Amino acid sequence: MMVTFSILPYQKQQQAFEIPDRYKKPAKMLHDICVAESGASEELLRQCLDGTVHGDPAVKCYIHCLFDKIDVIEEDTGRILLDRLLYIIPDDVKEAVNHLTRECSHIVTPDKCDTAYETVKCYFNAHDEVIKFCHLLVMH
C-alpha cells in the first residue's frame with residue numbers, strides 16, 4: 001500500500017481555466033474605453049500582472065468602469081455579481097465565476113469605485129487564476 005502526502009499548505013481546489021481568444025478583441029475595446037473614461041495609467045494597470053491591484057483612485061474607477069460596462073453591478077446595492085455573466089462564459093470558467101461571486105459579492109462601500117477595487121482585491125485572494133483576466137485586459 002502506498003501512502004502519499006503533501007507538504008503544501010491546504011488550499012481550496014481551484015480548477016484552472018483558459019480565456020478563449022475570441023474575448024481578446026472585446027477586452028481590448030473595453031480596456032481602451034475604461035482607460036479613457038477613468039484616466040488610469042497603463043503603467044499602474046499593468047501592475048496587476050504581478051498580482052498587485054494599485055489603489056490609485058483612477059485605477060479604482062477603471063475597475064468600476066469595467067464592471068459597469070459588462071453589466072454586473074447590482075443597481076440597488078452596488079454589489080458586483082459576476083454570476084450575471086454565466087450565460088455567456090465558457091463552461092470551464094463558470095466554476096471560478098461562481099466561486100468569486102460566493103466569496104466576494106458581499107462587498108459594498110459608500111464609493112462605487114472603492115467597491116469595485118475591494119471586490120477585485122477579494123478576487124485575487126479568492127482564486128489563483130484571476131490574474132488571467134488581468135492578462136486579457138492589459139496585454140495587447
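## Helices α4 and α5

In this predicted model, helix α4 (residues 91-104) and helix α5 (residues 112-126) have axes that come within 9 Å and cross at roughly 120°. Axes are lines fitted to C-alpha atoms, for helices over the stretch in contact, with angles from 0 to 180 degrees between N-to-C directions; helices are DSSP runs (H or I, at least four residues) numbered from the N terminus. The two helices are therefore oblique to each other, a class left over once angles under 35 degrees (roughly parallel), over 145 (roughly antiparallel) and 65 to 115 (roughly perpendicular) are set aside.

From α4, His99, Leu100, Glu103 and Cys104 meet Thr119, Cys122, Tyr123 and Ala126 of α5, where contact means heavy atoms within 4.5 Å. The residues of this contact comprise 5 nonpolar, 2 polar and 1 charged.

## Ser105

Ser105 is placed in the loop between α4 and α5. Ser105 is buried, its relative accessible area being 11% (buried means under 20%, exposed over 50%, partly exposed in between, with a 1.4 Å probe and protein chains only). A polar atom of its side chain lies 2.8 Å from the backbone oxygen of Thr101.

Apart from neighbours within four places in sequence, Ser105 is in contact with Arg79, Ile80, Leu81 and Leu100.

## Ser38

Ser38 belongs to helix α1 (residues 24-38) and is buried, with a relative accessible area of 19%. A polar atom of the Ser38 side chain is 3.1 Å from the backbone nitrogen of Ala40. Not counting residues up to four places away in sequence, Ser38 touches Ala58, Cys61 and Tyr62.

## Basis of the values

Residues are numbered from 1 along each chain as its sequence is written, and side-chain values use heavy atoms, leaving out hydrogens and water. Because the model is predicted, local features need pLDDT of at least 70 and side-chain atom pairs count only at pLDDT 80 or more, whereas totals for chains, interfaces and linings use all residues.

Notes
Ala, Val, Leu, Ile, Met, Phe, Trp, Tyr, Cys and Pro count as nonpolar, Asp, Glu, Lys and Arg as charged, and the others, Gly among them, as polar. A polar contact is a pair of N or O atoms within 3.5 Å; within protein, one must be able to donate a hydrogen and the other to accept it, and residues adjacent in sequence count only if both atoms are side-chain atoms.
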